[in-house]
Amino acid sequence: MTAAVVFRRVGVSFVIAALAATVAFGIFRLFPFVGTAERWTTDYRIATVTAPEPQHPDIVVAAINEETLSSFPYRSPIDRRFLAKTIEALVAKGAKALLIDVLLDQETEEEKDDELRAVLGALKIPFAISYSDSPLYVTDEQRDYLDEFVAPEWRGLADIEPDIRDGTIRFVPEPRRGHDGTRLPNVAARLAERLGVAIPETRRIIAWRGQPDAQTSPFRVFPSHAVAVLPDAWIAGKIVLLGADLSLTDRHRTPFAVAREGREGTIAGIVIQAHILAQLLDGRVAPEDRALVPLVATLALFALIGAALGNTGVPIWLRATGAVVAVAVLWVGAFYLFRDRQLLLPLIEPLVALGLALWLSDAWSGRAERQQKKFIQGVFSKYVSGELLQEIVKDPKKLDLSASRRPMSLIFTDVQGFTTLSEKLEAAHLADILNRYLDGGCREIWKFGGTINQFTGDAIYAMFNAPREQPDHAKRALQAALDIDQFSERFRAEERAKGVDFGMTRIGVHTAEANVGNFGSLDRYEYKALGDAVNTAARLEGLNKYFGTRILITQQTRDASPEVPCRKVGGVIVKGKSEPIHVFEPLTGTRAADENTKLYLAAFDLMKNADPGALAAFEDLCKRYPDDALAEYHLDRLREGETGEVFAMAEK
């Protein structure tokens, strides 16, 4: 391979990688629903491998729990005298600051309400109180009461906005303007402001704090009704968050829900506010907010890996192995880096970039392969049917450009992995092998009166019933295909014994009406068949690689030779068609009567009739004959919920 070719391949790989990475990046941004799996992988890492941290030294939670409520004559609103006494006790024990996550949106007992007003008005420490003017949570009357009870400088939004994509709490809400024009940050952000911390004016992702261990929460939590008897040291110098931690109310889904069940997967609103407050006070940045550079770098790397794998020309199993190894390294490394470095790498977007790059590289390689086959076709253009030459000598009128439509049988053959083989062999060696192979294949076709229509590299395209009429053309084509198969397998075995990895020959045979004649210009033309029948025969050859077969024929060809044993593949709907093509695999030697074939035919009948026993029948067949790729294909279909003998191909 010359330096120019190498540089060209490298350049193409970089272009393909850039395109694949850009498309993958755009898809996940333009279509947010596509990112569901990516968000899940992020949530899972947060839930399972967030690095452990000690309980926060400065923030504690005084929880109003079920036991607290059971001591009141009514559950809601929360007893205002209790709130007042609790706040006084917290201040007396030396609390540094206070966040009250209780919505004071309605009147209770006048004496108790006045008592709480007096306590709040006399507070000397920084504090913030939950507030809402959203019609989703408060009526106009409740909002007016809140405005009167909670001074503007105390107010912080109690609303915790879930991610609209899946209802998970992920964000610190950005400040907004209230109904009266006042600026309203989140309640934890309001307290942080009152403690002298500048808060962001844009929405940020919550940087969740890790737990010391599975049994210990990130923040010390104690019941609010026990404040009076708690040691002063538990509260002195601490920022205390006073709010509800109940079983059924004010609990929210968080990223931890993907790895925890039931109540453990949700977090009380007061604890979420504690996470937000800790983030703001400690200057923490969520890994997601630092993920753009790692994202772009990872997308670029995996797109390059995909492009490189696609342009190497190695067998598909090696490319698939390389891709799997790369993905495994990414996933293992991503979990390690998140735990130890808080570095968030994408896990799904790189797979899309890698897959796109592989596909684009394969398409580009296919283009190069077609160009190569076109070149070889010119070299071997002398290989035409001797019978066609005799017909032309007998009747020169056949050289005109007229055409006719007639029933025909068409054969397409192709050698698996020929392009890869051609890159490994010296030109002279390759020419010798290809000449001998094509010569043998042509002889089998000519033996039954077929016309070699075209060579495309290693592929042979032949037709029967033209230019000379052959009433039994379908029978001839099938016999020729069977003999080509026998020759090809012998040739393949001989070359492999010499150390040449010559691939299996795949053959497709179809019988239908087609247009045939001389097509081209006055100076250059070819005698060939055109039409849908030709396309069907070509597609039939290609279907072999999906079913693991070497020969496939259609119903029309099968009907002309009922004596040839076959097993049905099914009614195949190829891409771009709406009607199925009924496809068969002809059997040779003892295969027609062996146990494998009997079991397959029985299992196929069950599948055809949508019998529930088809799945078990194919499972038993594949267990007994693991090399039966066609049976394995139907087993995969059944496992995916398909049944019946008609099915669609996604690629052909």
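These are my notebook entries on a predicted model of one protein chain.

**Ground rules**

I number residues from 1 along each chain as its sequence is written, and I leave hydrogens and water out, using heavy atoms for side-chain values. Since the model is predicted, local features need pLDDT of at least 70 and side-chain atom pairs count only at pLDDT 80 or more, while totals for chains, interfaces and linings use all residues.

**Entry 1: the whole chain**

I looked up the secondary structure and found 20 helices and 21 strands in the chain. Helices (H or I, at least four residues) and strands (E, at least two) are DSSP runs, numbered from the N terminus.

Next I checked the overall dimensions. The C-alpha trace spans about 120 × 60 × 45 Å along its principal axes. The radius of gyration of the chain is 38 Å, whereas a compact globule of 652 residues would have one near 26 Å. That radius is taken over C-alpha atoms, and the globule rule is 2.2 Å times the number of residues to the power 0.38.

I then looked at burial. Of the 652 residues, 49% count as buried. Buried means under 20% relative accessible area, exposed means over 50%, and partly exposed is in between (1.4 Å probe, protein chains only). The accessible surface of the chain comes to about 31000 Å², and 57% of it belongs to carbon and sulfur atoms. These areas come from the Shrake-Rupley method with a 1.4 Å probe, and for residues only the protein chains shown count as cover.

Residues 24 or more positions apart account for 75% of them.

I also noted the charges: there are 77 positive and 87 negative side chains, and the centres of the two sets lie 6 Å apart. Lys and Arg count as positive and Asp and Glu as negative; His and the chain ends are not counted. I took the place of a charge as NZ of Lys, CZ of Arg, CG of Asp or CD of Glu.

**Entry 2: cysteines**

A disulfide is a covalent bond between the sulfur atoms of two cysteines. My test was a pair of cysteine sulfur atoms within 2.5 Å, and the count comes to zero disulfides. I looked up two cysteines anyway. Cysteine 566 is buried at a relative accessible area of 13%, and cysteine 622 is buried at 7%.

**Entry 3: backbone angles**

Most residues other than glycine have a negative phi, and most peptide bonds are trans.

- Serine 76 and proline 77 are joined by a cis peptide bond, with omega about -5°. Proline 77 sits in the loop between helix H3 (66–69) and helix H4 (80–92).
- Glutamine 342 has a positive phi, near 55°. I found glutamine 342 in the loop between helix H10 (316–341) and helix H11 (349–379), partly exposed at 24% relative accessible area.
- Alanine 610 also has a positive phi, near 60°. Its place is the loop between helix H18 (595–608) and helix H19 (614–624), and alanine 610 counts as partly exposed at 45%.

Is isoleucine 235 buried or exposed? Isoleucine 235 is buried, with 0% relative accessibility, although it lies in a loop, between strand E9 (220–223) and strand E10 (239–244). Beyond its neighbours within four places in sequence, its contacts include Leu90, Ala95, Phe222 and Val240. Aspartate 213 is 22 residues from isoleucine 235 in sequence, and their C-alpha atoms are 23 Å apart.

Proline 54 is in the loop between helix H2 (36–49) and strand E1 (59–64). I found proline 54 exposed, at 59%. Leaving aside neighbours within four places in sequence, proline 54 is in contact with Arg209, Pro212 and Pro218. Phenylalanine 219 is 165 residues away from proline 54 along the chain, yet 8.7 Å separates their C-alpha atoms.

Asparagine 535 belongs to helix H16 (residues 532–547) and is partly exposed at 48%.

Note on methods. Contact = heavy atoms within 4.5 Å.
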